[in-house]
Amino acid sequence: MGRAGDLTPREAYELVRDDADAVLVDVRTEAEWRYVGVPDTTATGRQPVFASWLPVEEEAPGARFLAELAAAGVTAERGGPVVFLCRSGQRSVGAAEAATAAGIVPSYNVLDGFEGPLDADGHRGGAGWRAEGLPWRQS
């Protein structure tokens, strides 16, 4: 496994809440942040980092993403756990693996992401950060 592991949304929130060195990175797109909502970590005194993981658009997958992380202060030298969140827990795996390969450790993936997988009717929202009742807001 090219990352520290997977966390449930609640475990991820508790890690970010309880560990002052932990950071939450939302790797979804700007449209997802604007129209679906974002995790609200105001109670921790730290805001999430927003850096889209879109490796298919790049010649060097992850290069732009790692540069965005570095610009936000998320580097190998920083230390502390980094928790990656996407829509359903799929893209964030690649983000956590790219971060781990760059020496940003420990890097975790959030299972079920912000909205969870599709249900039998093709809808999201039955699992994930929001479904767990964790803090979130519309941006």
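The part I have in mind is Asp26, one of the charged side chains. Where is Asp26 found, and which residues does Asp26 touch?

Reply: Charge comes first. The protein chain has 13 positive and 21 negative side chains. The centres of these two sets lie 4 Å apart. The model is predicted.

Now the residue itself. Asp26 is found in strand 2, which covers residues 23-26. Its relative accessible area is 0%, under the 20% cut-off, so Asp26 counts as buried. Across the protein chain, buried residues make up 42% of the 139 residues.

Next, the partners. The side chain of Asp26 makes a polar contact with the side chain of Arg28, at 2.7 Å. Leaving aside residues up to four places away in sequence, Asp26 touches Trp33, Val38, Pro39, Val49, Phe50, Ala51 and Leu85. In the protein chain, among contacts with a separation of 6 or more, 66% join residues 24 or more positions apart.

The protein chain holds four helices and seven strands. Their order along the sequence is β-α-β-α-β-β-α-β-α-β-β. The C-alpha atoms fill a box of roughly 40 × 35 × 30 Å along the principal axes. The radius of gyration is 14 Å; a compact globule of 139 residues would have a value near 14 Å, so the two agree.

Last, the surface. The protein chain exposes about 6,700 Å². Carbon and sulfur atoms supply 51% of that area. Asp26, with a relative accessible area of 0%, is buried.

Technical notes
Residues numbered from 1 in each chain as written. Predicted model: local features only at pLDDT ≥ 70, side-chain atom pairs only at ≥ 80, totals over all residues. Heavy atoms only, no water. Helix = DSSP H or I, 4+ residues; strand = E, 2+ residues; numbered from the N terminus. Rg over C-alpha atoms; globule rule 2.2 N^0.38 Å. Buried < 20%, exposed > 50% of the residue type's maximum accessible area, 1.4 Å probe, protein only. Contact = heavy atoms within 4.5 Å. Areas by Shrake-Rupley, 256 points an atom, 1.4 Å probe, with all protein chains shown as cover. Lys, Arg positive; Asp, Glu negative; His and termini not counted. Charge placed at Lys NZ, Arg CZ, Asp CG, Glu CD. Polar contact = N/O pair within 3.5 Å; in protein donor to acceptor, adjacent residues only side chain to side chain.
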